[in-house]
Amino acid sequence: MIALRASAVFSVGLVLLAAGGCAQSANDRPNGFLTEKTGGMQADAWSGTSLASAKQLVSGLPAAPRSRALRDLQFEVMVSQLVPPRADGSPPPSLFDRKVDRLAAMGEGESLNEMVRNAGAYGDPAIATTVANAMMMAGERDGACAIVDHHALVEPFASRARIACTLVRGDKDAALADVAALRGQDPSLASLVEVAAGTGAPAALAAGPADGPAMVMYYLAHVAPPSSLLSTTQPPLIRALVGQPALPMATRIDIAERGEALAIIEASRLADLYVAALRENAPLPPAMERRARLVAAARDAANPQEIAAAVRAVYGETRGSPLFPTIARASAGALMNLPAKPEYADLAQEAIRGFLLLGDKQLAKAWTQLALQAAFNNARAQDGLDRLMPLIEIAGVDNAPKLAPEDVNRWYQALRRDDPGAAALRGNALLALFRGVGFDIPPGSTDLPETPPPGVRLVMPPASILRALQAAGAAHRRAEASLLASDAVGETPLAALHPAAAGIIVGALREAGEQGSARLFAVEAAIAYGL
């Protein structure tokens, strides 16, 4: 788990622990910006959860869980207008403070700004400092500087931020004058400001904190941040580095691909980088260049024939790759514009997989109907559909109330033919996910293995977390179950997560009332297992 408060790189988050009255008053009322009508959770989602438990859950959230569905779900809890649990005398920081901290750790600067503004909490210098830093890391320099200019901040961040914003406004002389007084206290800032103002040399840069003001300085100075930062998995730094034009394009794309897989970088942003790299003839590794060309071709497709060709290329060349979901999302615009017509029936399976990955059940259903028509009296098409039907059922595209054992066994046989070595693990994952989404499959009623094959290294989350998750789901404690699900996965890659744990997560979310998120996570896990 990546904890922003514990990071020396982002030490600004420490000041939240001392946050005062503004945050406490914000904690006494709903303080998000999403309502149930605008895509948020029901206002009573914390019902049944104590304030002490809610605080502990929020503080323990991973900054970058290895599931897009669960990251989106924890984000939804954080920014929805939920009635907070009743005060219970639990010690500070407040629930609001902890939400501010976690949203900053997730790299959600813009949403954090919206939440704090709606709560009227900018009077707290600690919170204003955290938001300003998060906005700078996200590349929102003007918005960050508006906070710096109009609200009290915590030192030494306040001085660093004021100098950075002076440079953002183009006043180099004033920035240099301010730095002169701080040179002994902050040599890294001084050297960066001098380079940005044109009076220093990049070679003389001193190491310093990689916070928001530093990222602004690197951007304005047209200097690449230190290479020691480039392998980070911290969401704020990933967002900041992707936006640094002084880094080689291949480096920015590599970071953006990692960030997209963690739901930190938008797929459209990654696609923009691919296209820009090709336009600039930037040197890229061969495999990365091929991915860039696949996405660019999908973007440029102007008619259904070109779109179909682009989709075939994307899905044909990336299927089975760990980057398949990322490239599929980056080229999703082409898929969305492809009509479900008989002349494109040979693409039905690719289209279904793509729409399931994107969470679009309506389009997945339309293409499933097309695939069923194409499979009628066509053994090859039927065989291909057997490989895809498990995903269709996990996603709930046809809302089937039950599964016929003979169908399940036929699908499992297709898995065995495709990859005998991986079939047992995938079959066990399929069984766990089927049960998780609500299908009643008694032990021994199908050929699916009840346990993973021996010798496979899998990660089982702590039993205490899984028990708490199941209890929260059974009691319909929606927000609690949502955050426990994210905590259960944490930084475990989904391909390494024990299928039994995946099934428990899916089932608990479904019981808690998060059917859509449960299905999305199940599809995500199934694809990670190779289904």
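Begin by selecting Cys145 and Cys165: these two residues form a disulfide, with their sulfur atoms 2.1 Å apart. The model is a predicted one, and the disulfide count in it comes to 1. A disulfide is a covalent bond joining the sulfur atoms of two cysteines.

Next, show the helices around this bond. Cys145 sits in helix H7 (residues 141-150) and Cys165 in helix H8 (residues 157-168). The two cysteines are 20 residues apart, and the pair links distant parts of the chain. Look along the S-S bond: the angle about it is -95°, and the link of Cys145 and Cys165 is left-handed.

Are they buried or exposed? Cys145 has 7% relative accessibility, so it counts as buried. Cys165, at 1%, counts as buried too. The cut-off for buried is under 20% relative accessible area.

Move on to helix H3 (residues 68-79) and helix H4 (residues 95-105). Their axes come within 10 Å and cross at roughly 145°. The crossing of H3 and H4 is left-handed. To see the contact itself, display the side chains of Phe75, Met78 and Val79 in H3, which meet Lys99, Arg102 and Leu103 in H4. By class, the residues of this contact divide into 4 nonpolar, no polar and 2 charged.

The next stop is another helix pair. Two packed helices are described by the angle between their axes and by the distance between the axes. Select helix H19 (residues 348-358) together with helix H27 (residues 515-528): their axes come within 9 Å and cross at roughly 130°. That angle makes H19 oblique to H27. Which residues of H19 and H27 meet? On the H19 side they are Arg353, Leu356 and Leu357; on the H27 side, Leu520, Val523 and Ile527. The contact of H19 with H27 has 5 nonpolar, no polar and 1 charged residues.

Finish at Gly503, which is found in helix H26 (residues 499-512). With a relative accessible area of 10%, Gly503 is buried. Leaving out residues up to four places away in sequence, Gly503 touches Ala432 and Gly436.

Definitions and conventions
Residues are numbered from 1 along each chain as its sequence is written. This is a predicted model: local features need pLDDT of at least 70, side-chain atom pairs count only at pLDDT 80 or more; totals for chains, interfaces and linings use all residues. Side-chain values use heavy atoms; hydrogens and water are left out. Axes are lines fitted to C-alpha atoms, for helices over the stretch in contact, and angles run from 0 to 180 degrees between N-to-C directions. Helices (H or I, at least four residues) and strands (E, at least two) are DSSP runs, numbered from the N terminus. Angles under 35 degrees count as roughly parallel, over 145 as roughly antiparallel, 65 to 115 as roughly perpendicular and the rest as oblique. Contact means heavy atoms within 4.5 Å. Ala, Val, Leu, Ile, Met, Phe, Trp, Tyr, Cys and Pro count as nonpolar, Asp, Glu, Lys and Arg as charged, and the others, Gly among them, as polar. A crossing is left-handed if the near helix is turned anticlockwise from the far one by less than a right angle, and right-handed if clockwise. A disulfide is a pair of cysteine sulfur atoms within 2.5 Å. Buried means under 20% relative accessible area, exposed over 50%, partly exposed in between (1.4 Å probe, protein chains only).
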